[in-house]
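Here is a set of questions and answers on one structure. Read each with the model open beside it.

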Amino acid sequence: MTEVRPTAAASASLWERDEEVSAVAQAVDTLCGDRESSGGLLVFRGEAGLGKTALLAETRRIAEARGCTVWAARGGETLRSVPFNVVRQLLQPALVSMHPEEAREYLGDWYDIAGPALGIADPGERPADPQGVCDGLVAAVRRLARREWPLVLMIDDAHWADQETLHWLAAFTERLDDLPVLVVVARRPCDIGGPGARHLDAVAAASDRPVATLSALTPDATAGLTRATLGEHADAAFCREVWAVTAGNPYETVELLAKVRDSELEPVEARAGDLRELNRSARGGGLVARLEQLGIDATRFAWAAAILGTGISIDLVAELATMKREEAVRCAELLGSARILTHPGPETGGAGDGDLEFVHPLIATAVYNSIPEALRTAMHGIAARVVTDSGRGAAAAARHLLEVHPDADEELVGQLREAAREHLAVGAPDAARRCLERALEEPPTPEVHPYVLYELGCATLLTVPDRTIDHLRTALGMPGLAEDDRADAVVRLSQALVHNDQLEEALRTIEAEAARLEPGPARRRLEAVHIMWEGIHAGESGAPDRSQRLADLARNCTGRDNSERVLLILRAFDAVTHGENAEEIVELCDRTLVNGRLAPGLGWTDNEWGIELLLMLASSYAYCDRLDRAENLYNDAVRAYQIAGWSGGHLALARAYVGVAQRRRGRLRDAETSLREALPLAERVGRGLPLHWTVTCNLVDTLLARGHVAEAWEVAERYGFAPPYPSTIVLPDPRSVRGRLLLAVGRVKDGVNELEAAEKAAAVRGHHNPVLVPWAADLARALAAEDPARAARLALDVRRQAERFGTDSAIGEALRCAAALENGQRAVRLAAQAVAYLESSPCQYEHAAARVEYGIVSRSVSELNRGLDLARSCGADGLVARARAELATGVGLR
């Protein structure tokens with residue numbers, strides 16, 4: 001066991017820390033005991049000066065004594081705007097020590113995604129997805145942790161870590177169950193607000209141990225420390241006064257005792273009255289006065305170091321403080337002897353890439369705040385130039401540029417725009433947003449102003465859609481954007497509106513912009529996007545005119561270029577929703593492909609059209625029973641987003657549609673898994689939005705198919721699968737699925753009402769495809785006893801529409817419905833026909849259901865067993881139970 005009681009010379013912060021040090025020792029022992037052990041997480045929380053840093057230093061000592069690798073990093077109060085600052089501190093030393101090819105090998109596919117954020121690889125041309133970068137960093141640390149076992153990761157002052165690091169830390173600590181690594185986090189209990197607070201709460205929640213809250217020293221511990229520092233002759237009254245003056249704060253106690261020792265003050269009751277004055281000189285204004293006593297050069301050096309905050313090299317400080325290097329070296333030594341600056345090392349628990357760091361964050365804060373405001377602003381401006389000239393790039397200089405007073409500086413606006421581009425390229429859109437918002441304050445010149453707003457809108461598109469809407473509207477209200485840029489801004493604005501569930505406003509915006517343009521590529525693009533949004537508008541009433549207009553536009557399209565391919569996709573999807581002939585729809589879809597693949601410029605990560613258009617194409621194949629082509633497209637989307645590092649809404653939607661294809665094919669277990677994996681991502685994007693509706697609707701539908709009615713209801717209740725419905729259409733129709741759910745839980749009247757509401761909504765839209773909007777078959781079954789005539793009419797309509805659409809699955813489902821309403825030999829005949837059609841379709845769950853139903857009405861043991869086997873393979877537990885019950889009864893079976 002480690003020595004948990006501090007020796008006479010030990011840090012004050014380890015006095016009365018037996019429990020915390022024992023927890024560290026136990027966690028390190030567990031880590032070292034088994035390479036396959038699960039990870040550990042310790043969180044220490046305490047106010048400034050209560051010994052968090054010293055506790056981490058002791059953690060390092062214990063870990064290294066047991067042969068552990070220790071990586072450490074520290075947040076900084078003035079560095080929170082620097083993205084990935086803390087995670088870079090943590091990982092860069094290990095990665096930089098590797099040969100570039102070795103680093104690429106260890107990070108694998110994540111190298112190009114996480115590498116730029118870590119500063120070891122050049123960023124790509126397009127903005128990186130923040131969630132993808134976070135996932136890449138998690139994967140990178142997981143791989144490195146297995147290589148470096150036993151590994152201890154320490155983060156000090158986590159409350160001052162940048163948001164991107166906290167995002168990674170929250171995600172990483174959630175996945176420690178199968179990773180032998182110990183994570184130790186120290187933070188203050190201060191409120192930081194926003195996403196950072198949520199991430200810190202998530203870190204605390206991930207630990208299987210309660211957060212250890214550090215308390216101040218007791219009078220007895222303070223007396224023991226005083227005598228250990230000054231000698232056993234320190235009397236009780238003097239020791240009590242030390243405790244009273246410092247309130248038991250370990251850091252303040254150490255500093256005060258150091259001042260007592262330096263001043264050769266006798267530790268006796270008669271001199272206890274001098275302690276308060278000495279304590280004032282060791283903190284706050286007293287610290288500043290002490291700094292001034294070291295001379296103007298030392299003060300300038302300390303100020304420059306505080307401005308830099310991190311990477312404090314003597315050369316950079318000398319340039320910022322405008323002094324010669326030898327003079328800077330002398331100042332560094334002077335500030336070191338005064339316990340203001342020190343060399344980075346294990347004893348501080350920190351890690352850095354500079355020559356120096358402040359002895360304690362409290363000192364760094366006090367020195368920074370002591371700089372006169374005007375001078376501090378000017379020094380940040382100089383620091384931006386110094387950092388840029390050192391080759392660290394615009395992004396590294398950005399945090400200094402953010403502090404400069406606005407002055408209509410064109411060059412500064414350009415630097416901030418460049419910094420924003422660099423931030424976006426590594427997956428830090430919030431940092432890019434701060435740069436562009438600051439550029440607006442400058443302000444930019446009239447020619448540049450709309451472009452800054454346009455770039456700001458693009459930067460917030462994936463994270464804050466409502467801000468995107470405001471910025472792009474303002475940009476479009478200004479003169480200056482070139483025609484193609486205006487068109488792109490309008491398309492992005494419409495995307496933000498659609499994803500913010502403001503589809504009607506998106507349509508009006510596109511229409512107004514298209515009307516002001518002369519015929520040409522920009523106008524054609526806007527007209528196509530307008531048609532696309534019309535096609536997914538759940539409340540559109542002018543569907544027949546629009547469909548005819550679209551049919552006319554697409555009639556002569558051969559798919560020779562992307563503008564024609566877009567029209568063909570839109571036409572095909574429109575035809576699917578209206579239940580037109582499936583073979584003709586597939587022929588339209590095929591014309592959009594080049595050698596069976598998506599055409600260049602229409603890929604999943606191409607920004608011109610967005611994900612919606614390609615989902616229309618894949619879904620058209622899926623509902624026309626061409627599930628092989630649909631699944632290829634959906635899986636291509638997942639791969640494309642994973643390779644590009646897009647782990648946000650795009651990947652969630654792609655995964656959800658993989659689940660849709662699996663549900664259509666009858667692989668219900670796989671479908672449930674895919675949709676449940678997509679659900680947390682959809683939750684992160686936001687409830688009430690199209691992505692969330694798609695995931696919840698299909699998960700409820702899949703659970704109902706499996707016969708898991710209680711789970712389906714629980715999902716619906718927990719995730720808000722209930723009216724009001726979104727302004728965009730969702731596949732399959734959510735009203736129809738909710739109606740089926742209500743019937744399944746026994747709320748028949750409510751279910752009938754919901755299905756009738758689905759009937760009215762479908763009539764307004766002209767949606768007559770019984771596969772996409774399956775209200776009629778369920779309503780017919782629900783009304784069979786109460787109103788058989790209406791039920792029969794509904795079943796007949798379903799069959800007529802299914803035969804018009806022409807797929808085996810649609811016709812087979814219509815025949816299943818008709819058979820359910822009949823008795824005797826007519827029911828047997830219809831059920832047999834349903835089996836024949838569904839056996840030829842790729843929809844194995846429906847085939848299994850038809851087999852079971854045919855076995856029941858025909859009283860056939862062989863058919864029931866065939867249906868039972870199919871139901872088992874699909875994971876349709878409800879069908880399995882139904883078939884087994886019939887077989888167990890055995891009454892009348894042949």
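Of the 17 residues of H24, 13 are buried, so H24 is largely enclosed by the rest of the structure. Buried means under 20% relative accessible area, exposed over 50%, and partly exposed in between (1.4 Å probe, protein chains only). Helices (H or I, at least four residues) and strands (E, at least two) are DSSP runs, numbered from the N terminus. This is a predicted model, in which local features need pLDDT of at least 70, side-chain atom pairs count only at pLDDT 80 or more, and totals for chains, interfaces and linings use all residues. Residues are numbered from 1 along each chain as its sequence is written, and side-chain values use heavy atoms, with hydrogens and water left out.

Q: What percentage of the residues in the protein is buried?
A: The secondary structure comes to 44 helices and seven strands. The C-alpha atoms fill a box of roughly 110 × 70 × 50 Å along the principal axes. Of the 894 residues in the protein, the buried share is 57%.

Q: How far does H24 reach from its first C-alpha to its last?
A: The expected span of a helix is 1.5 Å times one less than its number of residues. H24 has 17 residues, and 24 Å is expected. Its reach is close to that, at 24 Å.

Q: Which residue with a positive phi follows H24?
A: Most residues other than glycine have a negative phi. After H24 comes a residue with phi near 60 degrees, aspartate 501.

Q: What is the angle between the planes of tryptophan 168 and phenylalanine 172?
A: Rings of Phe, Tyr and Trp (its six-membered ring) pair if their centres lie within 6.5 Å; planes under 30 degrees apart count as stacked, over 60 as edge-to-face and the rest as tilted. Tryptophan 168 and phenylalanine 172 both lie in helix H7 (residues 163-173), four residues apart, and both are buried. Their pair is stacked, at 5.4 Å centre to centre and 20 degrees.

Q: Why is the pair of tryptophan 604 and tyrosine 641 edge-to-face?
A: Tryptophan 604 lies in the loop between helix H29 (582-591) and helix H30 (611-623), and tyrosine 641 in helix H31 (residues 627-644), 37 residues apart. Tryptophan 604 is buried at 6% relative accessible area, and tyrosine 641 at 0%. The ring centres are 6.4 Å apart, and the pair is edge-to-face because the planes stand at 75 degrees.

Q: Which helix gives the most to the lining of the second largest pocket?
A: On a 1 Å grid over the protein atoms alone, a cavity is a set of points where a 1.4 Å probe fits but cannot get out; a pocket is an open set with protein on both sides within 12 Å along at least five of seven lines, and lining residues have an atom within 4 Å of a point. The second largest pocket has a volume of about 1,200 Å³. Its lining has 47 residues, with Arg740, Asp778, Arg781, Arg816 and Tyr845 nearest the centre. The helix that gives the most, with eight residues, is H42.

Q: Is phenylalanine 84 buried or exposed?
A: Phenylalanine 84 has a positive phi of about 60 degrees although it is not a glycine. Phenylalanine 84 sits in the loop between strand E2 (69-74) and helix H3 (85-96). At a relative accessible area of 3%, phenylalanine 84 is buried.

Conventions. Points joined across faces, edges and corners; volume = space filled by probe spheres on them.
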